[in-house]
Amino acid sequence: MQVAAWQPRVRGMSSSARREELEGYLCISPWLLGLLIFTIGPILASLYLSFTEYEVVKPPVFTGLANYVMLARDDLFWQSLKVTSIYTFVSVPLRITLSFAIALLMNQQVKFLGLFRTAYYMPNLVPAVASAILWVWIFQPQFGLLNGFLRGMGIENPPPWLGSTKWALPSLILMSLWGVGGPMLIYLAGLQGIPTEMYEAAEIDGAGRVSRFRHVTLPQMSPVVFFNLIMSIIGSFQVFAAGYIMTGGGPRYATYFYVLYLYNNAFSFFRMGYASALAWILAIIILFFTVLVFRSSAAWVYYSGELKGRA
Amino acid sequence: MSVSRPAAYRPAPSLWARKSVQRTVGRLVLYPVLVGGAVILLLPLAWLLSSSLKPLGLIFVVPPQWIPSPIRWQNYVEVWQAIPMALFARNTITITFFAVLGTVASASIVAFGFARLRFRMRDVLFLVLLSTMMIPGQVTLIPQYILFRTLRWLNSFLPLIVPSYFGGGAFNVFLLRQFYMTLPLELDDAARIDGCSTFQIYRRIILPQSKPALGVVAIFGFMGHWNEFFAPLIYLNSTEKYTLALGLNFFRSVEYSAWHLLMAASLMTALPCIVVYFLAQRYFIQGIVFTGIKG
C-alpha cells in the first residue's frame with residue numbers, strides 16, 4: 001500500500017497509520033486554517049490590493065503599477081524610508097554591541113547576578129505606551145530629567161530634544177538604548193551555555209584572556225549575535241509606537257517612521273491600495289536584510305555540533 | 001592546583017602576574033561599571049515613580065526634586081476618577097485572558113501534532129510554519145482589517161482574540177514542539193499499549209510534563225497582549241472599548257499637562273507585567289534562554 005511506503009516505523013496495521021495521519025491533521029488543523037485565513041489569504045489579497053486604488057467604501061479598481069510609480073515620486077515615502085534607515089543603522093549596532101559588552105561583564109561570575117539581570121531587563125517590562133509617555137517627560141526641555149541633569153553639569157543651553165528637527169531622531173535612538181537589556185539577556189544565556197571545558201582546554205593550550213575570547217567566546221556566540229542582529233533589524237524597521245505617540249512623526253517629518261506613514265495611509269487617508277504597496281516594499285526591504293545577514297553569516301557564524309544538537 | 005609541584009623551582013611571580021591580583025583589580029572595575037549601568041537604566045523608572053507621587057506644582061520645579069515632599073498618594077486615586085481606568089483595565093484583562101487561553105490551547109495541540117504524530121507533508125508544513133515567522137505583519141494587516149470589517153467585528157474584542165485560537169502563533173508552536181520532542185517517545189508507545197487514545201496521550205502524558213514550557217508561552221502571551229498597542233489602535237475606536245494602552249494614549253492627548261497623573265497611570269499599566277516577571281522569573285529567563293540559543 002502507498003500508506004505503508006512512506007511510513008518510517010513499522011506498525012501492525014495500516015489502519016492505525018491512517019488513523020494517526022488523520023489525527024495528525026486534526027491536531028494541526030487550527031494552525032492550517034489560520035494559515036489560510038490570516039496569512040496566505042491576506043498575503044495574496046494585499047499583493048493584489050497593491051495594484052489597485054482602494055478606498056474601502058468602493059470596490060478596488062485595478063491600476064497596475066500606478067501605486068509603485070507614485071511611491072517612487074513620493075517625497076514622504078523617501079523621507080520615511082530615510083528616517084527609518086537612519087534609526088535602524090544607528091540604533092541596532094549600538095544596541096547589539098552595548099548589550100554584548102554588558103552580557104560579557106555579567107558573565108564574570110558576578111555576585112548578585114539575578115539582581116543585575118533584573119535591573120538591566122526592567123525597562124523592557126514597561127509597555128511601549130507607558131515608556132513613550134515617560135520619555136516625553138524625560139525629554140521635556142524645561143522640566144525634564146535629561147535637561148535638568150545637563151544643566152546640573154553646567155550646560156546652559158541643552159537641546160530641545162523632541163522639539164527640534166535636528167535632535168528628535170537622535171532622541172528616539174537614545175531612548176531605544178533603554179531596551180538594551182532584551183538582547184543582553186539572550187547573550188547572557190548564550191554565554192552561560194558555552195561549555196566550561198572549552199575554556200579549560202584553551203587555557204591548557206596556553207591561551208590568554210584575549211585569545212580565549214577570540215577563539216572560544218566569539219565563535220561560540222556568533223549564532224546568538226546573528227539571531228539578535230536579524231531580530232533587531234526586523235524590529236527596528238517596524239518601529240511605530242515611539243513615533244506615533246511621542247512626536248506624531250514630527251517636527252517637520254523628522255521622525256516620520258515608515259510604518260507610521262503606512263498607518264496614516266491606511267487608516268487616516270484610507271488609501272488602502274497605496275498602503276498595501278508600502279507594506280510590500282517594507283516586506284522586500286526586511287527580506288533583503290534578512291537574506292543579507294543570512295548570507296554573510298556563513299563567513300562569521302560558527303555552528304558547533306553541540307549548539308545544533310541542542311536545537 | 002600546584003600544590004604537588006615543587007614550589008622552589010619556580011621564580012616568584014611578580015605581583016601583577018598573580019591571578020588573584022588580576023582578578024581583584026578586575027572586580028574593582030567590573031562592579032562599579034555594572035552598578036553604574038544599572039543606575040542609568042533604572043533612573044527613568046525612579047523618575048516615573050517620583051513624578052507620579054508629586055503634586056502638580058512640584059512637577060514643574062527646577063532643578064527636579066527626586067523625593068517629593070509632600071508625597072501625594074492621592075494621584076493614584078485621582079487617576080481612576082480622571083479617566084475610566086477600571087473599565088480600561090477590565091477590557092485589557094478580558095482580551096488578555098481569552099487571547100492567552102487561545103494561544104496556549106491551540107499552540108499546544110498543534111505542536112503535539114508536529115512533534116508526536118506522523119502524517120504526510122509534516123516536515124514540509126513545519127518548514128512553512130517556520131517561514132511564516134519571517135513575514136512582517138504589515139503585509140497581512142490591511143486584508144485582515146478588511147476581513148474583520150466585513151465580519152462586522154470592528155470595535156469589538158474579537159479581532160484581538162480570535163486569531164489566537166488558530167495556531168497560537170508560529171513561534172509558540174515551534175517552542176512547544178521543541179519541548180515535546182525532548183520527552184521520550186516510549187511514553188507514547190507504552191500508553192498506546194495500555195489502550196490510550198491519541199488525545200489521552202496528549203492530555204495525560206504530554207500536557208502534565210510540559211508545564212514549564214506552557215508557562216513560558218503563557219507568560220510571553222500575557223506580556224504581549226497586555227502591552228499590545230497597534231492592533232487595539234486599529235480595531236477599537238470607542239472609548240468604552242479601550243485597553244489600558246489605548247486609554248493611556250487617550251489620556252495623554254486630553255490631559256497633556258497633568259504629568260503627575262499621567263505618570264501614575266503609566267506606572268499602574270506597567271505594574272502587572274513587572275509583578276508577573278518577578279513571580280515567574282525562572283520561566284521567563286528559561287524562555288529567553290530557549291529563544292536565544294535556538295537562534
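Modeller: We shall begin with the interface and then turn to a helix pair. This is a predicted model, where local features need pLDDT of at least 70 and side-chain atom pairs count only at pLDDT 80 or more, while totals for chains, interfaces and linings use all residues. Residues are numbered from 1 along each chain as its sequence is written, chains are lettered from A and ligands numbered from 1 in the order in which they are written, and side-chain values use heavy atoms, with hydrogens and water left out.

Biologist: How many residues of chain B are in contact with chain A?

Modeller: On chain B, 94 residues are in contact (heavy atoms within 4.5 Å) with 94 residues of chain A.

Biologist: What area is buried between chain B and chain A?

Modeller: About 8500 Å² is buried, and carbon and sulfur atoms give 76% of that area. Buried area is the accessible area (1.4 Å probe) that two parts lose on being put together, summed over both.

Biologist: How many salt bridges are there between chain B and chain A?

Modeller: The count is two salt bridges, each a side-chain nitrogen of Lys or Arg within 4 Å of a carboxyl oxygen of Asp or Glu. One of the two joins the side chains of A:Glu21 and B:Arg120, at 3.1 Å, N to O.

Biologist: Turning to the helices, at what angle do α13 and α14 of chain B pack?

Modeller: Helix α13 (residues 244-254) and helix α14 (residues 259-279) of chain B pack at about 170°, with their axes 10 Å apart. Helices are DSSP runs (H or I, at least four residues), numbered from the N terminus. Axes are lines fitted to C-alpha atoms over the stretch in contact, and angles run from 0 to 180 degrees between N-to-C directions.

Biologist: Roughly parallel or antiparallel?

Modeller: The angle makes α13(B) roughly antiparallel to α14(B), because angles over 145 degrees count as such.

How values were computed. Helices (H or I, at least four residues) and strands (E, at least two) are DSSP runs, numbered from the N terminus. Angles under 35 degrees count as roughly parallel, over 145 as roughly antiparallel, 65 to 115 as roughly perpendicular and the rest as oblique.
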